[in-house]
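This briefing is meant for a reader who is meeting the structure for the first time. Please keep the sequence and the model in view while reading the points below.

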Amino acid sequence: MPRHLREVVFVDGVRTPFGKAGPKGIYAETRADDLVVRCIRELLRRNPALPADRVDEVAIAATTQIGDQGLTIGRTAALLAGLPKSVPGYAIDRMCAGAMTAVTTTASGIAFGAYDVAIAGGVEHMGHHPMGEGVDPNPRFVSEKIVDGSALVMGSTAENLHDRFPHLTKERADAFALASQQKYAAAVAAGRIGPELVPVATRSAEAGWGLATVDEPPRPGTTLEGLSALKTPFRPHGHVTAGNAAGLNDGATGCLLAAEEVAEELGLDVGMRLVGFGFAGVEPEVMGVGPIPSTEKALARTGLSITDIGLFELNEAFAVQVLAFLDHFGIADDDERVNPWGGAIAVGHPLASSGVRLMTQLSRQFAERPDVRYGLTAMCIGIGMGGTVIWENPNWSGAHTEGAQK
């Protein structure tokens, strides 16, 4: 029988403040699932026109699905958040692109007609669950040379990327990292970053109760001189440092997706409209190039070109990874369309949660930029993948700007 696909819209996105992983981080004694619960409850609070029983699915991503990130966290977080028991949920994993995949998967269900409304997001408590905890890689990966041993260490894959593209120097990476810190600080000062944050009550056996209201990772005093002096932990005399890469972080994100006709029926705001997406695999040893073929795939399938994109939200797992993307598409390191409010080098990268942070920021930027029609969120993914989602600005005025020609 013939099927009619529906338009899918991003209604709203929220996130917890991101914290530093470890015993001194703000969430050291806070459960990962409670971070997700705060996001779900906040989405419902901010969108009172949405009856809770109209939510058809809750998809929550986590890279390490054990402990307080286990037990099918999409379902358990939905129950803990007070959603009706009739609302199902599930967990999803695509490493760093977990939340991104939660969005594309539930959005596909909405387009097909299986859902009207869905909540998608992600969480990573790297203080409780360090990357790779409990993992038992098959020895054949290395013994049969399916991948090089460095493919399983993300920082080493970034060093490999510097090797492959020697023109992507440490100096360029450090300069990009400094700009990320500066743009983030400017966005906070201007009130652009902050409204999407969900305050989280924190507990410390030593310090008592607290309230997390701002991101913990940013380093506002960063200088090029300081960056140049940092150690290179993944290789002696290497390029990748704690300053030009995202840190180890804790945090959660969540967003509300709906069929456009249902959003209109319920009186929900529309932040942006899904245009298309693409995922691609690359050599795991240089996983940072993943967003290049995933973007090419997404552009080809939507009939767009890179010149149609007026805003880019690129996850800054490593500065070199973003630089490789920019060089491939002929975009300058300091192009104003790229991460205008800073990125993960400043704010942090709690793995599976980050995709929805990118989308939430893009949606908020769209509201300020009616001259921009299309935007793109993209990220590299461990074990050699990339993911890209293209969005349309519902506020587009029809005016053409450089870099947004359609």
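A residue is called buried when its relative accessible area is under 20%, exposed when it is over 50%, and partly exposed in between, with a 1.4 Å probe and protein chains only. By that rule His237 is exposed, because its relative accessible area is 81%. This is a predicted model, in which local features need pLDDT of at least 70 and side-chain atom pairs count only at pLDDT 80 or more, while totals for chains, interfaces and linings use all residues. Residues are numbered from 1 along each chain as its sequence is written, and side-chain values use heavy atoms, with hydrogens and water left out.

**Overall form**

- The chain contains 12 helices and 12 strands, where helices (H or I, at least four residues) and strands (E, at least two) are DSSP runs numbered from the N terminus.
- Along its principal axes, the C-alpha trace spans about 60 × 55 × 50 Å, and 57% of the 406 residues count as buried.
- Of the contacts in the chain between residues at least 6 apart in sequence, 80% join residues at least 24 apart, a contact being heavy atoms within 4.5 Å.

**Helix α5**

- Nine of the 11 residues of helix α5 (residues 154–164) are buried, so this helix is largely enclosed by the rest of the structure.
- The buried residues of α5 include Met154, Glu159 and His162, and the buried residues of this helix pack against α6 (170–189) and α10 (319–328).

**Two buried residues and their contacts**

- Asn339, in the loop between α10 and α11 (344–347), counts as buried because its relative accessibility is 0%.
- Leaving aside neighbours within four places in sequence, Asn339 is in contact with Lys183, Phe312, Glu313, Leu314 and Glu316.
- Ser363 lies in helix α12 (residues 354–368) and, at 10% relative accessibility, also counts as buried.
- With neighbours within four places in sequence again left aside, Ser363 is in contact with Phe10, Gly271 and Met272.

**Cysteines**

- The structure holds zero disulfides, a disulfide being a pair of cysteine sulfur atoms within 2.5 Å.
- The cysteine sulfur closest to that of Cys96 belongs to Cys380 and is 6.2 Å away, which is too far for a bond; Cys96 is buried, with a relative accessible area of 11%.
- Cys255 is in no disulfide either, and the nearest cysteine sulfur, that of Cys39, is 10 Å away; Cys255 is buried, with a relative accessible area of 0%.

**Positive phi values in loops**

- Most residues other than glycine have a negative phi.
- Met95, which is not a glycine, has a positive phi of about 50°, and this residue is found in the loop between β4 (89–92) and α3 (98–112).
- His237, likewise a residue other than glycine, has a positive phi near 55°, and His237 is found in the loop between α7 (224–228) and β8 (249–259).
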